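Please look over the sequence and the fold together before reading on.

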Amino acid sequence: SWLKDNKTYSGGLVLANGSLMIETFEEEDEGVYHCIVSNELGKMRSPEAAILRSYYRGEITNQIVHRSEILAFSQKADVDDSELFATWTIRLQPPLESNVRTCPSPSCPAWVDITPVDRFTAVAVMRLDYSQIIGAFPGQTRFLVAVELGELPKRQFNAAFDGLQARSLTLDVSPEDTTVEVGKDTVLYCISNTENATYTWMKNVQPLDVKGSERMSLIMDGTLKIEKVREEDAGLYTCTVTGPRNRPGTKTAEADLSVYYQPKVTLK
């Protein structure tokens, strides 16, 4: 038998081997499922198994980027583990098939990454700066940017470099609340629109010594990478970005990092 959100689930079809088949998946079927196995020796409940409808979370708006700024996008979506991949494309506007860059690829001028923020949700990130885009598309300033995350349909938006003076300091990609299994790697994104900005991190309101850690490092601006996560890594992380002299200011963002052990069940 099956439980959905800790209640008896009567939908779907339980097959002879105990698997649950839902022929027409509806929004009300979203939830956390447990399989209950029983025989003359007793009863046991399986580890959690979630069935979620895949969809994008949040909108990416059109962007106008000033001279010498960084262009950073993030897109969040509910995806299955088997769909944990993202493709970004950058093309001239109006689109020309001969002027397309697909990321990740050797010809892509952007830094791209994708990471799960919990067991069912992932965030895809793309980062460009002015010199990268001008080098890839000489003389061009208007672009069409698109992302395809997992099996979801393409989502696209416009970006333009206007050549004006840089705007005020902003934090374009902030860290997300993240749940990670012990022993896995994870990242907490922190990317500002400002070149030469300074990034610092705190954990539970205490300074985090990233340089003195063997498992922590800063990648791509202020993004914090934690390798082989341990139980003691759980906590509240705060990123602070400080602008250079020509663009003074400070921005902060915080996120909770939760850590769990993968449950193991032995059926006898």
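At 23% relative accessibility, Lys 76 counts as partly exposed, a class that lies between buried (under 20% relative accessible area) and exposed (over 50%), as judged with a 1.4 Å probe and protein chains only. This is a predicted model, in which local features need pLDDT of at least 70 and side-chain atom pairs count only at pLDDT 80 or more, whereas totals for chains, interfaces and linings use all residues. Residues are numbered from 1 along each chain as its sequence is written, and side-chain values use heavy atoms, with hydrogens and water left out.

Lys 76 forms a salt bridge with Glu 176, the closest N and O atoms being 3.2 Å apart; the term requires a side-chain nitrogen of Lys or Arg within 4 Å of a carboxyl oxygen of Asp or Glu. This pair links distant parts of the chain, since Lys 76 lies in strand E10 and Glu 176 in the loop between strand E17 (171-173) and E18, 100 residues apart. Glu 176 is likewise partly exposed, with a relative accessible area of 25%.

Strand E10 itself is largely enclosed by the rest of the structure, because seven of its nine residues are buried. Strands (E, at least two residues) and helices (H or I, at least four) are DSSP runs numbered from the N terminus, and the protein has one helix and 26 strands.

The rings of Phe 73 and Trp 88 have their centres 6.5 Å apart and their planes at 25°, so the pair is stacked; rings of Phe, Tyr and Trp (its six-membered ring) pair if their centres lie within 6.5 Å, with planes under 30 degrees apart counted as stacked, over 60 as edge-to-face and the rest as tilted. Because Phe 73 lies in strand E10 (residues 70-78) and Trp 88 in strand E11 (residues 86-92), the pair ties together parts that are 15 residues apart in sequence. Both Phe 73 and Trp 88 are buried, and together with Phe 157 they form one aromatic cluster.

A further salt bridge joins Arg 247 to Glu 69, with the closest N and O atoms 3.2 Å apart. Arg 247 sits in the loop between E25 and E26, and Glu 69 in the loop between strand E9 (63-65) and E10, so that the pair links parts of the chain 178 residues apart. Arg 247 counts as buried at 8% relative accessibility, and Glu 69 does so at 0%. The side chain of Arg 247 also reaches the backbone oxygen of Ser 168 at 3.2 Å.

E18 and strand E26 (residues 250-260) pair in the parallel sense over four bridges, and Val 180 stands opposite Val 259 in E26.

Note on methods: Two strands pair if DSSP finds at least two bridges between them. A polar contact is a pair of N or O atoms within 3.5 Å; within protein, one must be able to donate a hydrogen and the other to accept it, and residues adjacent in sequence count only if both atoms are side-chain atoms.
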